[in-house]
Amino acid sequence: MPFCGSFSEAPALAEFILRDFLPRRPDIRTVRVYASDIRMTGAESIVASAPQDSRLAFDLKVSDSSEEALPEAGLVIGLHPQPMTKTPTLIWERIFENVIR
């Protein structure tokens, strides 16, 4: 999850993965969620409050997605309230490039 901020979605995402996704996909033994943002204030404590299970791991990384590509992934979820705002530095265009590559 690029540009995840404090990653307030972590508990709901963990619950979905553990309750709905993994039981329907016995061929998938583990899920690793990579979450990054330029600032991640409070993300560790929010992830710690999520349901814990050995089949689910969260990797948090402070990273500038306009400069650094995400690791390879089977699925990328990126939510932001206003990513299409034009900026002189084309920051959102660079972020999308690094997310999609």
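Glutamate 15 is partly exposed, with a relative accessible area of 39%; the class covers values between buried (under 20%) and exposed (over 50%), computed with a 1.4 Å probe on protein chains only. The model is predicted: local features need pLDDT of at least 70 and side-chain atom pairs pLDDT 80 or more, while totals for chains, interfaces and linings use all residues. Residues are numbered from 1 along each chain as its sequence is written, and side-chain values use heavy atoms, leaving out hydrogens and water.

Glutamate 15 takes part in a salt bridge with arginine 19, a salt bridge being a side-chain nitrogen of Lys or Arg within 4 Å of a carboxyl oxygen of Asp or Glu. Both residues lie in helix H1, 4 residues apart, about one turn of the helix. Helices (H or I, at least four residues) and strands (E, at least two) are DSSP runs numbered from the N terminus. Arginine 19 is exposed, at 51% relative accessible area, whereas aspartate 20 counts as buried at 19%. The structure holds 6 salt bridges, including those tabulated here.

| Salt bridge | Closest N to O distance |
|---|---|
| Arginine 19 – glutamate 15 | 2.6 Å |
| Aspartate 20 – arginine 19 | 3.2 Å |

Through shared partners, salt bridges join Glu15, Arg19 and Asp20 into one network.

The largest nonpolar core has 18 residues, and those with the most contacts inside it are Phe7, Ile17, Val33, Leu56 and Phe58. Such a core is a set of buried Ala, Val, Leu, Ile, Met, Phe, Trp, Tyr and Cys residues joined through side-chain atoms within 4.5 Å. At least two residues of this core come from each of helix H1 (10-24), strand E1 (31-37), helix H2 (43-48) and strand E2 (56-62). H1 supplies the largest share, 6 residues. Beyond its neighbours within four places in sequence, leucine 56 is in contact with Ala14, Ile17, Leu18, Val31 and Val33, contact meaning heavy atoms within 4.5 Å. Another core, of 5 residues, lies apart from this one, with Leu70, Trp92, Ile95 and Val99 among them.

The structure also holds 1 aromatic pair. The ring centres of phenylalanine 7 and phenylalanine 58 are 5.7 Å apart with planes at 75°, so the pair is edge-to-face. Rings of Phe, Tyr and Trp (its six-membered ring) pair if their centres lie within 6.5 Å; planes under 30 degrees apart count as stacked, over 60 as edge-to-face and the rest as tilted. Phenylalanine 7 lies in the segment before H1 and phenylalanine 58 in strand E2, so the pair ties together parts 51 residues apart in sequence. Phenylalanine 7 counts as buried at 0% relative accessibility, and phenylalanine 58 counts as buried at 18%.
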